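Please look over the model shown here before reading on. The text below goes through its helix packing and its metal site.

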Amino acid sequence: MIDFMDMFPNEETCLEYLSMVRWPEGYACLRCSSTRHWKKARGLYSCQDCGYEASVIVGTIFQDTHKPLRLWFQAIWYVVNQKNGVSALGLQKALGLGSYHTAWAWLHKLRRAMVRPGRDRLTGLIQMDETFVGGKRSGKRGRGAEGKALVLIAAEEVPEGIGRIRLAQISDASSDALTQATLQMVEPGSVICTDGWESYNSLVTHGYIHRPCSHKNASSGDATPLTHQIASLFKRWWLGTHQGAVSQEHLQYYLDEFTFRFNRRTSKSRGKLFYRLIEQALSVNPIQSKFLSTT
Ligand SMILES: [Zn+2]
């Protein structure tokens with residue numbers, strides 16, 4: 001927190017930081033590309049050639065915020081510095097926010113920013129499997145179960161163990177649903193190992209090399225052990241930090257937060273995570289949903 005206070009003593013320093021991250025080469029008019037401009041208050045840039053005015057927060061998740069940017073920065077700082085993340089109640093207390101709803105909505109906006117638009121897909125050797133999340137009864141494969149969500153897990157297998165991961169909520173374990181999710185998560189040409197579930201067989205028609213391995217024949221009895229490690233880590237995190245109290249409607253955002261944290265688990269520098277999250281927050285469009293629009 002002392003680092004934070006030193007770096008961001010006021011609104012101006014926060015706006016400066018946003019400008020630096022958003023326009024590392026300096027501001028160029030969003031309409032005519034001219035670099036001649038006047039800087040005005042509240043991060044506003046005015047073009048000297050065409051007169052167009054743009055704010056550094058327009059078109060980002062900070063657009064339309066009624067709260068100081070510095071409070072946002074504090075929230076982001078807090079989120080990246082908590083190893084296991086933070087619940088809305090935890091954030092509300094840490095920042096002294098009057099409203100639980102604000103804390104909740106901010107965390108959702110930040111989770112949206114944890115997925116880099118157009119991010120890279122996984123490559124190389126990939127293990128893949130589905131898992132059920134939530135609900136009390138156990139689910140039946142391919143059909144789903146009441147109160148449960150189905151999540152597809154993809155994990156890169158590297159010499160040290162697990163490389164990067166991707167998690168996606170899917171409607172069912174049909175060939176169509178698995179293929180659509182795989183195309184989002186894994187680069188064609190990659191080798192995908194799964195168990196013997198038949199719906200994975202159509203992956204080969206989309207340019208993947210598929211190595212089905214039936215449970216019976218796998219020497220360890222487990223065709224995709226890395227995905228099962230991820231599944232149990234995710235469930236522990238989800239129950240621990242968020243008490244598992246997540247509706248299916250919002251599950252994907254939690255999957256994204258877990259992925260963001262997991263894929264950067266070895267990063268030593270929290271400052272770098274802070275920079276990365278701010279950078280991504282600037283490239284994510286403002287959220288249109290009614291329940292998120294007024295905070
Ligand atoms: Zn201009």
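H7 and H8 are roughly perpendicular to each other (angles of 65 to 115 degrees; under 35 counts as roughly parallel, over 145 as roughly antiparallel, the rest as oblique), because their axes cross at roughly 110 degrees. Helix H7 covers residues 225-242 and helix H8 residues 251-263, and the axes come within 11 Å. Helices here are DSSP runs of H or I with at least four residues, numbered from the N terminus. Axes are lines fitted to C-alpha atoms over the stretch in contact, and angles run from 0 to 180 degrees between N-to-C directions. The crossing of H7 and H8 is right-handed, that is, the near helix is turned clockwise from the far one by less than a right angle. In contact (heavy atoms within 4.5 Å) are Ile230, Leu233, Phe234, Trp237, Trp238 and His242 of H7 with Leu251, Tyr254, Leu255, Glu257, Phe258, Arg261 and Phe262 of H8. Ten of these residues are nonpolar, one is polar and two are charged; Ala, Val, Leu, Ile, Met, Phe, Trp, Tyr, Cys and Pro count as nonpolar, Asp, Glu, Lys and Arg as charged, and the others, Gly among them, as polar.

The model is predicted: local features need pLDDT of at least 70 and side-chain atom pairs pLDDT 80 or more, while totals for chains, interfaces and linings use all residues. Residues are numbered from 1 along each chain as its sequence is written, and side-chain values use heavy atoms, without hydrogens and water.

Helix H9 (residues 270-283) meets helix H3 (residues 69-81) with axes that come within 9 Å and cross at roughly 130 degrees. H3 and H9 are therefore oblique to each other, and their crossing is right-handed. Phe73, Ile76, Trp77, Val79, Val80 and Asn81 of H3 touch Arg270, Leu273, Phe274, Leu277 and Ile278 of H9.

H9 also packs with helix H2 (residues 11-22), at an angle of about 75 degrees and with the axes 10 Å apart. That makes H2 roughly perpendicular to H9. The contact joins Tyr17, Leu18, Val21 and Arg22 of H2 to Phe274, Tyr275, Ile278, Glu279 and Leu282 of H9.

The zinc ion has as protein donors (N, O and S atoms within 2.8 Å of the metal, or 3.2 Å for Na, K and Ca) the SG atoms of Cys29, Cys32, Cys47 and Cys50, lying 2.3 Å from the ion. Along the chain these donors follow the spacing C-x2-C-x14-C-x2-C. The site is tetrahedral, with angles of 105 to 115 degrees among its four donor atoms; four donors count as tetrahedral if all angles lie between 85 and 135 degrees.

Terms used
Helix = DSSP H or I, 4+ residues; strand = E, 2+ residues; numbered from the N terminus. Tetrahedral: all angles 85-135°; square planar, octahedral: opposite > 155°, others 65-115°.
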